[in-house]
Amino acid sequence: MSTLFLRTLREDPADAEVASHKLLVRAGYIRRAAPGIYTWLPLGLKVLAKVEQVVREEMDAAGGQEVHFPALLPREPYEATGRWTEYGPNLFRLHDRKGGDYLLAPTHEEMFTLLVKDLYSSYKDLPLTIYQIQTKYRDEARPRAGLLRGREFIMKDSYSFDISDEGLDASYAAQRAAYVRIFDRLGLEYVIVQAQSGAMGGSRSEEFLSPTAVGEDTFVRSPGGYAANVEAVTTPVPDAFDWADAPAAHVEDTPDTPTIETLVSAANAHHPRADRAWTAADTLKNVVLALTSPTGERSLLVVGVPGDRDADMARLEAALSPHTVEPATEEDFARHPQLAKGYIGPGVLGPQGRPEGVARGDEGDSAIPYLLDPRIVPGTRWITGADVHGKHVFELTMGRDFAADGTIEAASVRAGDPAPDGSGPLELARGVEIGHIFQLGRKYAEALDLRVLDENGKQQVVTMGSYGIGVTRAVALLAENNHDELGLRWPVQVAPYQVHVVATGKDAAVFDAAARLADELEAAGVEVCYDDRPKVSPGVKFKDAELIGAPFILVVGRGLADGQVELKVRAEGSSESLAVDDAAAAVVTRVREALAQA
C-alpha cells in the first residue's frame, strides 16, 4: 500500500446519495470526472475485470464469440433503422471535421447486423452468437447514484442470428441460462420479470432485476410466480355491464371541486345516492399529457383513469415510446380552450370532439386523442367533468354516452391488484436492471437487409436476439449489497484482493513477518494487498482495510511476540488467532473454501 495509487477518504462525497456511490469513491475505486462519468482507479479496475471475466467465461460456454466494435459510429446505419431520430436527446451526436454525422453508441444492434451481413450469406453459417464488452454512452437527463445510472458505462451485449423462429427460441434459452449462471456466480440476487422492449423493438423481453431499495425500477410478483416490470403489467379487463337500466346522465353544479377529493366530498354532501356513498373509484380522472416526438413535434393526449388511481409516468412512457411524456403546461391549456382545467370530461375529446363524418387521423381531425384505462369498459358509470368550470356530469356511462380512441396501460399498479395470469395478488418491490434479453426478430435484419440463402437456395431474412448485461452497474450493485457501517465487504470471487495483510506497530520483526506471510500467500495463488506503510497508525490501517473491503484481513502486530496473528473475516465480523507458522496455510485453505462456495 505504500506504492498503491490510492487515497481513501473519511467523508462521503457531497454528490453521493447511495451507499455504493459513497463507498466506491471513499475507498478509492472510482473518481468523478463529470456528472455521470467516472475514472476507474486500480482497485476498481480489479473488481471490474473479475466481473467481466465471469461474463466472458459464461458467454463463451454458451457458444458466444467475442468481438469489439468502435464506440464512435456513423449516422447511416442508425438512420436506416430509425433510431437516429427515435433515441431523441439521449443520443450523443457529433460532427467530424468534414461535417459527417456520428454518434457515441448507446447500443450496437446495427453494427452487429451489418458485420454479419458483410461476412455471412448462407444458412450453413448459422446459428451464430457474438458478443462484446464495450463502453456505451447515453445522455441521461439526470445521472444519479454513481455507477447505477451514468452517462458512460460498460455493457456486455450479445446478439444471436438464426434462420428460423425455432432457432431464435433455442438461442434465447441458451442466453437466458447463461445469465442465470453469471448472476449466480457473481452472488447477485435477481428476479426474472416480463418486460417491454422499448426503443430496442422486438417481441419477447425479460429483465433480470436485482431487488434493492435504491432501485429506480418498480416490479411486481405474485404468490403463484408471476413477475413483471411494472411497465409490462397488463390489466385484467372486466366484463362489460348491461346499461339498460342505468340512470340517465345528468349535469350538476359542483363549484370549487377541481380535485378528486373535493369532488367526492361535494357529491356525497349535495348529490348522495341511496345504495352507497360515492368514492374516488366512481370518478373518471382525465389526465392531459404533452407528447414530444423524437423530431420535436409537440401534441396533446388525454388519458382517462379511475379517480382512485394516479397516472403512472413510467407506464405511460413505455406505452408511448419513442415519445417523451410530461404533464400539459399552462401554455398547452391556453392553446386548447375547450379543456376546462379541473373539469375535463370526454365530451370534447376523441370521438366526441371530432366533426361528424371525420375519422381519427383524417384531414380535418382537430380533436385531442382520448385513451382509457382498460377497466373503463362499456356499461361502467362515472362522475366526470362536464367540460364547464364548476360542473360535473353524473352517471356518464361508457359505451352509451361516450367512447374513446382506444385503451392504454396508464394507471398505477397497486399492491393487491390481481396478477394478469390469475396467480394471486401482486406485491410491489424496487429493483435495478442488471440484464435484459430480447427476441428482436427481424426488425433490424429487414431494415439493414440481412438475408442468407436457405437450404432451397431462397433468400431468407435472418431473425435476431439481443442480450445485455450492465457490467459497471453489476459492480455498483455488488458494492450496494455488500457493505456495512465500516465499509465494503466484497464477495471473494470479485474482491480486488482476497487477503489484506496489515502490519501494525513499529517493530521491524512485525513488518518482516507480515512481508513473509504476504509472499507465502501470493506464492500459493492468493491475491494479497499488503499494508506496509511504516508511519501510519494501526487505527488508520484498520479503517482503510475495513473500508477497502477484502474478504480476509490478516493482522500482524503485538500478538507476534507470542507467535500469534489475527485473521478477521470481513463479511462475518469475526476474528480468530492463528499460529504464525501455520497462518499462511490456514488462510489459503479459507480462501479456497470461500471460492468453492461462491
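Me: Which residues in α12 do Ala-19, Ser-20 and Leu-24 in α1 meet?
Reply: They meet Ala-476, Ala-479 and Glu-480. Contact means heavy atoms within 4.5 Å. Helices here are DSSP runs of H or I with at least four residues, strands are E runs of at least two, and both are numbered from the N terminus.

Me: What kind of model is this, and how are residues numbered?
Reply: This is a predicted model, where local features need pLDDT of at least 70, side-chain atom pairs count only at pLDDT 80 or more, and totals for chains, interfaces and linings use all residues. Residues are numbered from 1 along each chain as its sequence is written, and side-chain values use heavy atoms, with hydrogens and water left out.

Me: Back to the helices. At what angle do the axes of α1 and α12 cross?
Reply: Roughly 100°, and the axes come within 8 Å. That makes α1 roughly perpendicular to α12 (65 to 115 degrees counts as that). Helix α1 covers residues 19–26 and α12 covers residues 471–481.

Me: New topic. Where is Ala-311 found?
Reply: In the loop between β15 (298–306) and α8 (313–320).

Me: Why does Ala-311 count as partly exposed?
Reply: Because its relative accessibility is 23%. Buried means under 20% relative accessible area, exposed over 50%, and partly exposed in between, using a 1.4 Å probe and protein chains only.

Me: What does Ala-311 touch?
Reply: Val-287, Leu-316 and Ala-410, leaving out residues up to four places away in sequence.

Me: And the whole protein: how many helices and strands?
Reply: 15 helices and 31 strands. Buried residues make up 50% of the 598 residues.

Notes
Axes fitted to C-alpha atoms, helices over the stretch in contact; angles between N-to-C directions. Parallel < 35°, antiparallel > 145°, perpendicular 65-115°, else oblique.
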